[in-house]
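Please look through the sequence and the structure shown here. The paragraphs after them go through the chains one at a time.

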Amino acid sequence: MNIAAESMPVASDAKPEFWRWQETCWADETIDWRGAKTIAVGIDVGSVSSQCVVTADGKLYAYSSMRTGNNSPDSARNAFHAVGEKTGLSLNDVHFVVGTGYGRVNVPFSHKAITEIACHARGANYMGGNKVRTILDMGGQDCKAIHCDDKGKVTNFLMNDKCAAGTGRGMEVISDLMQIPIAELGQRSYEIDQEPEAVSSVCVVFAKSEALSLLKAGYTKNKVIAAYCQAMAERVVSLLERIGVEEGFFITGGIAKNAGVVKRIEKILGIQAMKTDIDSQIAGALGAALFGHTLVQKQGPAKPIAS
Amino acid sequence: MIANYGYKDGSGEYYISIDTDKCINCPVGRACIAACPKSMFESMTDDYDDEVVWIKPAFRRSLAYDCSGCKPSGGRSSLPCTSACTPGAIQHSW
Amino acid sequence: MITAGIDVGSRSVKVVLVEDAKVEGAPQLKYLVRGRHLMFPGDLDADVAAEKAFADALSTSGIDRGQVSAIFATGAGRKMVKFAKESVTEMSAGAKGVSFFFPTVRTIVDVGAEEGRGIKTDGTGRATDFAGNEKCAAGAGSFAEAMSRALQLSLKEFGEASLRSEKSIPMNAQCTVFAESEVVSLIHSSTPKEDIAKAVLDAVASRVCAMVRRVGIDNDVVLIGGMVHNAGFVQSLKNAMDVAEIKLPDMPEYVSALGCALLAAEGIH
């Protein structure tokens with residue numbers, strides 16, 4: 001029996017290349033940390049980015065946001081080092097270090113590890129104020145929905161880290177596919193004639209196939225991006241709805257900077273997200289530093305651990 | 001606090017919810033841990049320094065498969081974990 | 001009498017034409033031809049792709065369209081094939097097709113490009129139970145394909161490489177997208193390609209196996225779908241399912257289309 005089978009062509013993909021978002025480091029020039037009684041540090045090692053936040057007497061003083069490397073301890077050191085360079089701080093000047101994020105057990109110089117759920121709630125409470133009740137965090141490889149009280153203590157949460165849909169990685173996929181820097185996606189998604197239907201909201205792999213089909217069907221790149229953002233928004237809302245959304249809605253994580261997704265989420269929910277001047281990506285590390293600050297009040301400063 | 005462990009994918013939502021307020025001073029000696037045939041539950045200290053129970057990380061992304069043995073399709077009419085937890089701290093979303 | 005089965009998968013269309021032939025008094029089914037047409041990323045419309053594949057198959061075998069008594073369709077896009085008389089599920093088509101080759105089959109594992117399923121069957125070619133991975137790309141062929149690209153190996157080399165490895169590295173990621181990052185970091189940490197290939201195929205095999213366990217594993221076990229060509233996957237699956245043998249048909253991608261054509265023939269009698 002002759003089998004006349006054609007060979008399957010491999011779908012041509014651009015070589016995987018991450019479109020880099022800006023690594024940042026900031027310090028509040030009006031604060032002199034040497035005059036502060038309690039210096040606390042929070043380190044959040046995520047799968048995609050790592051942050052270091054420094055609080056002086058419970059107030060946000062400095063932070064850095066760097067791309068996570070292949071190795072958690074190095075990423076943690078790298079994030080602290082950036083802040084140290086900017087401010088002149090060394091680990092000897094710090095009274096407590098809290099590690100968080102998925103690499104939290106690998107922050108060699110931390111005194112305690114606290115989950116990112118608790119840290120995000122605490123951080124959001126600082127950034128958005130004590131009216132924050134529902135927090136959405138879209139991280140690099142996970143998506144979290146958190147309820148908290150007026151002190152930033154968690155009352156309900158869920159975290160999805162099985163699927164890329166609704167995560168930063170999911171957005172990087174469309175950024176790679178369209179060959180457009182990730183920071184431009186949000187803006188572009190509104191430069192369209194008409195709001196399109198969403199692509200698959202359950203799976204990034206399927207959404208990507210559908211995006212390709214839309215391009216071939218004649219959609220402009222911007223419109224495809226819009227369809228993709230709508231899918232991500234729908235996905236995220238379906239996660240949120242499991243625990244419900246109350247007024248006092250706050251978004252953290254890298255995707256908070258993507259208006260293409262955020263505005264669509266707000267539209268579906270009919271609720272506006274609370275605003276903040278502070279970089280949304282540092283919420284976890286900020287919460288960690290605040291936990292550290294409280295621990296120093298309770299039990300005194302901890303000895304610096306050699307990094 | 002309600003802790004939801006699990007995920008949602010194309011086929012549905014699979015979460016095991018643990019109400020930690022009911023879990024803290026467990027009156028049944030953490031019976032859920034022994035009741036689960038796959039030993040998916042574990043004792044731990046949470047971020048607020050309370051002794052509670054969680055689902056071990058290794059199982060959280062495959063609940064649909066791991067729990068199938070205890071679901072009606074596996075021949076059981078009630079879940080061993082929810083039956084063992086008489087304070088009612090454990091709930092399955094599916 | 002000639003009938004046709006068209007299997008519209010998520011990646012390609014398979015067509016099988018079947019003719020009833022009497023040999024020594026017993027009716028025997030003979031394959032005339034099978035055609036195959038690639039649907040993605042070319043045609044968007046399943047109906048158009050199916051039509052092309054069907055026309056292709058007819059012309060290759062020199063058969064006139066009018067000679068075909070009935071056309072049945074199966075696969076993810078079956079409802080979109082307007083010119084088919086009826087559509088049947090992949091479960092029915094798979095069970096029918098496999099039973100033709102292996103009447104002793106009781107458990108069928110069907111791993112396609114974007115969907116995987118386990119099918120239970122009795123000795124008569126009927127599906128009695130099934131479980132599917134339903135809309136998650138991670139339990140199917142596209143996962144292996146994406147990883148082989150990350151390793152810069154062809155699918156064949158990928159499968160062969162995995163056979164050379166003796167390690168069992170577990171993969172953390174459940175999602176194709178995350179797994180690609182994980183593979184990249186394994187490459188960065190100088191893990192040998194063979195070990196990575198095996199880790200990936202072990203991961204797909206374990207997901208497929210967990211799915212098939214929902215219907216129960218009974219001998220004989222048969223694997224169908226494109227992944228049959230990946231020897232590394234077959235081995236990983238054998239290990240995961242803990243069976244001595246998995247039977248493999250000669251033309252694994254066409255088995256469902258064949259079953260579909262056989263059901264069309266039955267439907268007429």
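How many helices and strands does chain A have? Chain A has 8 helices and 10 strands, where helices (H or I, at least four residues) and strands (E, at least two) are DSSP runs, numbered from the N terminus. This is a predicted model, in which local features need pLDDT of at least 70 and side-chain atom pairs count only at pLDDT 80 or more, while totals for chains, interfaces and linings use all residues. Residues are numbered from 1 along each chain as its sequence is written, and chains are lettered from A and ligands numbered from 1 in the order in which they are written.

The radius of gyration of chain A is 21 Å, close to the 19 Å that the globule rule gives for 307 residues, so chain A is as compact as a globular protein of that length. The radius is taken over C-alpha atoms, and the globule rule is 2.2 Å times the number of residues to the power 0.38. Along the principal axes, the C-alpha atoms of chain A fill a box of roughly 80 × 45 × 40 Å. Of its 307 residues, 56% count as buried. A residue is buried if 20 or more other C-beta atoms lie within 10 Å of its own, exposed if 12 or fewer, and partly exposed in between, with C-beta atoms placed from the backbone. Among contacts in chain A between residues at least 6 apart in sequence, 73% join residues at least 24 apart; a contact means that the C-beta atoms of two residues, placed from the backbone, lie within 7 Å.

The largest nonpolar core has 208 residues. Such a core is a set of buried Ala, Val, Leu, Ile, Met, Phe, Trp, Tyr and Cys residues joined through C-beta atoms within 7 Å. Helix α6 of chain A (residues 221–243) supplies the largest share of this core, 13 residues. Ile43(A), Val54(A), Tyr228(A), Ile6(C) and Ala261(C) have the most contacts inside the core. Leaving aside neighbours within four places in sequence, the residues in contact with Ile43(A) include Cys52(A), Phe80(A), Val107(A) and Ala288(A).

In chain B, strands β1 (residues 2–9) and β2 (residues 12–19) run antiparallel and are joined by 8 bridges. Strands count as paired if DSSP finds at least two bridges between them. β1(B) and β2(B) form a hairpin with 2 residues between them, and Tyr7(B) stands opposite Tyr14(B) in β2(B). β2(B) is also joined by 3 bridges to strand β5 (residues 90–92) of chain B, again antiparallel. There, Ser17(B) has Gln91(B) in β5(B) as its bridge partner.

Chain C comes to 8 helices and 9 strands, and 56% of its 269 residues count as buried. In helix α7 of chain C (residues 231–241), the buried residues include Gly232(C), Phe233(C), Leu237(C) and Met241(C). After α7(C) comes Asp242(C), whose phi is positive, near 60°.

Leu223(C) lies in strand β9 of chain C. Is Leu223(C) buried or exposed? Leu223(C) counts as buried because it has 24 C-beta neighbours inside 10 Å. Not counting residues up to four places away in sequence, Leu223(C) touches Val109(C), Val228(C), Val234(C), Leu237(C), Ile246(C) and Leu248(C). The C-alpha atoms of Leu223(C) and Val105(C) are separated by 10 Å, although these residues are 118 apart along the chain.
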